[in-house]
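Subject: Structure for you to look through

Dear colleague,

I am passing on the structure we spoke about, and I would be glad if you opened it beside this message. My notes follow below it, arranged so that you can go from one part to the next.

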Amino acid sequence: MSEGFARPVAGHVPVLRLGDVLLVTLQGDLYDSTAHQLQQDLSETIARNGVTGVVIDISGVEIVDSFLGRVLAETAAQTELLAARTVVAGMRPAVAITLVELGLTLPGLRTALTTEAAMELLAQPIVTSRSGGMREESP
Amino acid sequence: MPTAAGVEARLPIRSDMDLVWVRQHVRQAAAQLGFGLVDQTKLVTAASELARNTLVHGGGGLMEASHVTTGGADGLRLAFSDSGPGIPDLDRALSDGYTSGGGLGMGLGGARRLVHDFEVESVPGSGTTVRVTSWVTRPPRQREDV
């Protein structure tokens, strides 16, 4: 059929482990079931291996609709509860423009322009706003 | 010059696999008609939202794609129809944040913002048809005499 449009991926998306970080690369068009499966696979892998970060590279994804947007946001929230941080990397400009127009700004989602930048972001120590408040209480 | 072949289609929407075919067809048809990358992305995203509504709320249905023209401009029209329960309160269904299907509630209202023309016909008890059209916007032509 069309040139340059990757075949849909059925089943599992490979999850690669690089030290303390899981790397997932989404390509082309996903079935809804594949996206749900990935969400589950990631949570299980984090819980089993105790990784501290997840990078989801979506540079090969041509559209993010509200379903996939919700899966990404939920995945980020789940990993947060499992003591890991998720960064979505490589969103195409056309996808970002469309998501905002759709009304889906995904405020809780951490993003980076490239996978490399996402890895650097995860290597930085976590700064929480709460620590500032606690310092004021101490004499 | 775009031709009808490759644009005109009737695609069933019965499973999440059909959603993939709908997206692929719309992408291909939009590219063939000369839509730019951002407009292609908007159209495919709108089609994905509407096809998912057809599947989830309408219990399945079909999408018809057609090439339309007006005053020399090319457009792509997509009609999503189902014979599901219909939409009882259309104004509410079009407002952001409203959902009855466990989604984010961006489907109908969000899709409307991504296309140029949008119309919904819904009869409670007998089904819903959503028709959207987007037009190829071309950069203004250079004047030849200057």
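In chain A, strand 3 (residues 53-60) and strand 4 run parallel and are joined by five bridges, and please keep in mind throughout that this is a predicted model. Within this pairing, V54(A) has T86(A) in strand 4 of chain A as its bridge partner. Between these two strands the chain passes through helix 2 of chain A, and the β-α-β crossover made in this way is right-handed.

Strand 4 of chain A also pairs with strand 5 (residues 110-112) of chain A, again in the parallel sense, over three bridges, and here A89(A) is partnered by A112(A) in strand 5. The path from strand 4 of chain A to strand 5 of chain A goes through helix 3 of chain A, and this β-α-β crossover is right-handed. Because four of the five residues of strand 4 (residues 85-89) of chain A are buried, this strand is largely enclosed by the rest of the structure.

Helix 3 of chain A, which spans residues 93-102, has V95(A), T98(A), L99(A) and L102(A) as its buried residues. Seen down the helix axis, these buried residues fall within an arc of 100°, and therefore they line one face of the helix. On the other side of helix 3 of chain A, you will find P93(A) and V100(A) exposed. The cover over the buried residues includes helix 2 (66-81) of chain A, and also helix 2 (37-56) and helix 4 (107-113) of chain B. Just after helix 3 of chain A comes G103(A), which takes a positive phi of about 100°.

Turning to chain B, you can count four helices and five strands, which run β-α-α-β-β-α-α-β-β from the N terminus on. Of its 146 residues, 40% count as buried.

Where the chains touch, 26 residues come from chain B and 22 residues from chain A. On the side of chain B that touches chain A, helix 1 (16-33), helix 2 and helix 4 of chain B each supply at least two residues, and helix 2 of chain B gives the most, with nine residues. By class, that side of chain B has nine nonpolar, nine polar and eight charged residues.

Finally, the largest nonpolar core has 60 residues, and those with the most contacts inside it are I56(A), V26(B), L43(B), A47(B) and A51(B). Leaving aside residues up to four places away in sequence, A51(B) touches I13(B), L19(B), V22(B), M63(B) and F80(B).

With best wishes

Terms used
Residues are numbered from 1 along each chain as its sequence is written. Chains are lettered from A and ligands numbered from 1 in the order in which they are written. This is a predicted model: local features need pLDDT of at least 70, side-chain atom pairs count only at pLDDT 80 or more; totals for chains, interfaces and linings use all residues. A residue is buried if 20 or more other C-beta atoms lie within 10 Å of its own, exposed if 12 or fewer, and partly exposed in between; C-beta atoms are placed from the backbone. The arc is that of the directions from the helix axis to the C-beta atoms. Two residues are in contact if their C-beta atoms, placed from the backbone, lie within 7 Å. A nonpolar core is a set of buried Ala, Val, Leu, Ile, Met, Phe, Trp, Tyr and Cys residues joined through C-beta atoms within 7 Å. Ala, Val, Leu, Ile, Met, Phe, Trp, Tyr, Cys and Pro count as nonpolar, Asp, Glu, Lys and Arg as charged, and the others, Gly among them, as polar. Two strands pair if DSSP finds at least two bridges between them. A crossover is right-handed if, with the strands pointing away from the viewer, the path from the first strand over the helix to the second runs clockwise.
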